[in-house]
Amino acid sequence: MNAETTDPTSQSNYRQISTKHFSLDWSIDFHEKVIKGSITHELTVHTNDLKEVIFDTSDVVIKRVYVEGESCDAQYSLGEKHEVMGSALYIPLPAGLQPGSSVKVTIEYNTTEPGCKALQWLDKAQTHGKTHPYLFSQCQPIYARGLLPCQDTPSVKATYEARITSVLPALMSAIRVSPPAEGPVHDGKIVGQDAVIYVYNQPVPIPSYLIAIASGNLCYHAFEKLEGKDWTSGVWAEPDIINDAWWEFKEDTTRFLAAEEELVGMPYKFGVYDLLVLPPAFPYGGMENACLTFVTPTLLTGDRTLVDVVVHEITHSYFGNGITHADASHFWLNEGWTTYIERLLQQILHSPAHRGFSFLTGSKYLYDDLKLYEQRNKKYQKLQIEFEKGENPDDAYSSVPYDKGANFLLHIERTLGGLDVFLPYVKDYVKTFMGQSITTEMWKEHLFGYYTRFGGDDELEALKSIDWDAWLFGMGVTLPVPMEYDMTLAQQSYTLAERWSKTKDTSEFSATDINGMDANQIGAFLERLQSFDPLPVAHIDDLGDLYGLVNSPNAELRLRFYQVALLDPKSAKSEQYATAALGWVVGEEDGMVKGRMKFCRPIFRAVFAVDTAMAQDKYQEHKSSFHPIARDLIEQDIELTKGHGTNV
C-alpha cells in the first residue's frame, strides 16, 4: 500500500495534507442532470517537502484549477480511472510549505450523468407529487468523489459552507442560513421556474460521506420545540405527503433525541435535526446525513409502527457522525455501536422486552446474510474486514456490521456484569472520541484502559476472557457465543407460527389471531414461519387472505409474506407469487418502486431462485427506477455481474 495513505478505498494523500474547510458554489441543472460550479478547499499541511495535493474524483469534468488564486491549469493531472476508486486528481503546490501551514485550492468542475453514483435524478413521474423532477445524493460509503473532488475518506473531517442555485428548493447536510426554512416555500418565488440561492453552513467537522444534497418540490413542517433544548427539529417532504410525514414523526423524534442525549451524557451538537422523506427510489431505510436525516417513505404507515428507524439515525449523531470509523475496515464501529445503543434506547423508551425483541428480529437478517456470504465471500462474515486496495466496501454491505457488532457489544456488557458496569464506559467512550475518526484497535485499547483505571481485577479478567479474534475476525454462519434474548414480545408470534407449521386444516385460524399484535410482532410471526418447512400452497393463499398480508400497505409485512410464499421455489404457485412480488417491488401495483434495498434485494433473490429469466428481465425493464448503489448489488444478486473479491 502507498505510504501516503492507509484507507484502502482512497487515492488521496490525506496523511500529508488534509482539508479543514471547504466552500461550495453550485448550480443545479435539472435539464442536463448535472451540478455545475466550484469547490474551494482550505488545507493544512502535515509533512515537509510536500509537492502536491491528491484528491479523489469519479466521473467529474474538471474545468479550471487555482492554487492560492493562481491558475494551475497547465500543471494539474487526472490519473487513470480505477473501477472503484475513480481517478486521482494531482495538483502541484507551491514550494516551501511547512507542517501547519495552510493552502487554498479551488476547482471548477461539473458532475456527469450517467456516471455519478452519488446522485439520483428522478423524473417527475418518479416522485410523489408527479409535478417536478427531484435530485438526491447518497455519498456513503465512497461516492462523495463523484459529487465533488475531495479526500473521500472518513479519516478526514471538515467544516463547510455552500451556495446552491436552484429552481427547486434545495437542502443540504448543514444549517440553513437563507432563505429561512420556516419562511415562504422557495423564498416566495415560483417553484420550478425561478432560481433561488440557498445558503448553508456546517460548523461541525464531518466526513465526506455525510455531505448531502436534495432538491425538489419540498416544504417544511417544524416539530414542537422541547423546553431547554438549543436544537430544533422538523420534517421536509413533498407537499402532498408533508402532513402525513409530520404526523408520523412529530410525537417521537424530539423525545428520541432528548433520550439519546441523556443516555450518552452529551448534548446534541449539530444544532438542527431535520428529517427528509425521500421518494421511493431511496435505497436505505435512513441515512444519517448531518443535520438532515434522509428516510424512506415506507416508514409512513399511518400508525407510527416503524418510526423507531429514526432512533437508529439519531444515534448516529454520536456513533458515526461524532465518533467515526477511520476507514471501511472498521465500519462496524459505526453500525454495531449505533444498533447496540438504539436497542438500549428501546429498553429506556419502552421496556427491556422491547430491547430483547429488537435483537431477536435483527438476528433473522444477520443469519440470512451470514449464510449468503458462506457461498459468496466468507471474509464478509467478519466484523473487521481486511479490504484490499480498491475493493468496493459496498460489496460487503449487509446486516453483519449492524447485528454481529451489536451482539458483540451486548456480549461485552453481559461479560462485564451488566449495564451498571458498562454504561459508564459508554459515556466515557463518547466523551473521549467525539469528533475523531478511530480504528477498532483504538477502541479496544480505550476499553481496557478504562477498566484498568476505573474497574478492578474482575472486570479486566472478564475482558480477557472474551475471544476477541473470534468476534472480530471469525467467519461462519453463527455467532462466536450463543446469545439469548428476552422472548416476551415474541411468544404470541412464535406460538402462532408453530400452529401454522403443524396444521393440516387452516379453518382453525381466524383474523382475530393477530389481535393485540403490532406490525413488528406480525413481522416476527412471518419470520418465524420461514424457519419451518415451506407451507402448502393452499395454506399460503389462506395466510395472505386471512390476515390481509397479500395486499398490506406495510412494506415490512408484504416483504415477509412474499418470503414465506417463495420459500419453496418449486411449488405449484411459486411463479404466481414471484410475479406478484416483482410487480410490487417495481411499482406496477401502485406506481411506486420499492427502492429500499431491504425490500428489493430479497425479492429479486427469491424470484431469481424461482425463475432466473423472470428476475433478470423484470429488473432490466425497470433498472432506471433503482438507485445506482442498489443497481450494483441487485445485479450481483441476480448474477448479471459478479462481485469483487474471492471466497476466502
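**Close-up 1. Buried residues of helix α13 in the predicted model.** In this predicted model, helix α13 (residues 537–546) has His 539, Ile 540, Asp 541, Leu 543 and Gly 544 as buried residues. Gly 548, whose phi is positive at near 65 degrees, follows α13.

**Close-up 2. The crossing of helices α5 and α12.** Helix α5 (residues 352–375) and helix α12 (residues 519–529) have axes that come within 11 Å and cross at roughly 40 degrees, which makes α5 oblique to α12. The crossing in which α5 passes α12 is left-handed. On the α5 side, Phe 357, Thr 361, Lys 364 and Tyr 365 meet Asn 520, Gln 521, Ala 524 and Glu 527 of α12, and the residues of this contact divide into 3 nonpolar, 3 polar and 2 charged.

Close-up 3. Gln 140 and Pro 141 are joined by a cis peptide bond with omega about 5 degrees, and Pro 141 lies in the loop between β10 (134–137) and β11 (157–166). The bond from Ser 178 to Pro 179 is likewise cis, with omega near -15 degrees, and Pro 179 belongs to the loop between β13 (175–178) and β14 (196–207).

Close-up 4. Cys 291, in the loop between β19 (286–287) and β20 (292–295), has a positive phi near 70 degrees and counts as buried at 3% relative accessibility.

Terms used. Residues are numbered from 1 along each chain as its sequence is written. This is a predicted model: local features need pLDDT of at least 70, side-chain atom pairs count only at pLDDT 80 or more; totals for chains, interfaces and linings use all residues. Side-chain values use heavy atoms; hydrogens and water are left out. Axes are lines fitted to C-alpha atoms, for helices over the stretch in contact, and angles run from 0 to 180 degrees between N-to-C directions. Helices (H or I, at least four residues) and strands (E, at least two) are DSSP runs, numbered from the N terminus. Angles under 35 degrees count as roughly parallel, over 145 as roughly antiparallel, 65 to 115 as roughly perpendicular and the rest as oblique. A crossing is left-handed if the near helix is turned anticlockwise from the far one by less than a right angle, and right-handed if clockwise. Contact means heavy atoms within 4.5 Å. Ala, Val, Leu, Ile, Met, Phe, Trp, Tyr, Cys and Pro count as nonpolar, Asp, Glu, Lys and Arg as charged, and the others, Gly among them, as polar. Buried means under 20% relative accessible area, exposed over 50%, partly exposed in between (1.4 Å probe, protein chains only).
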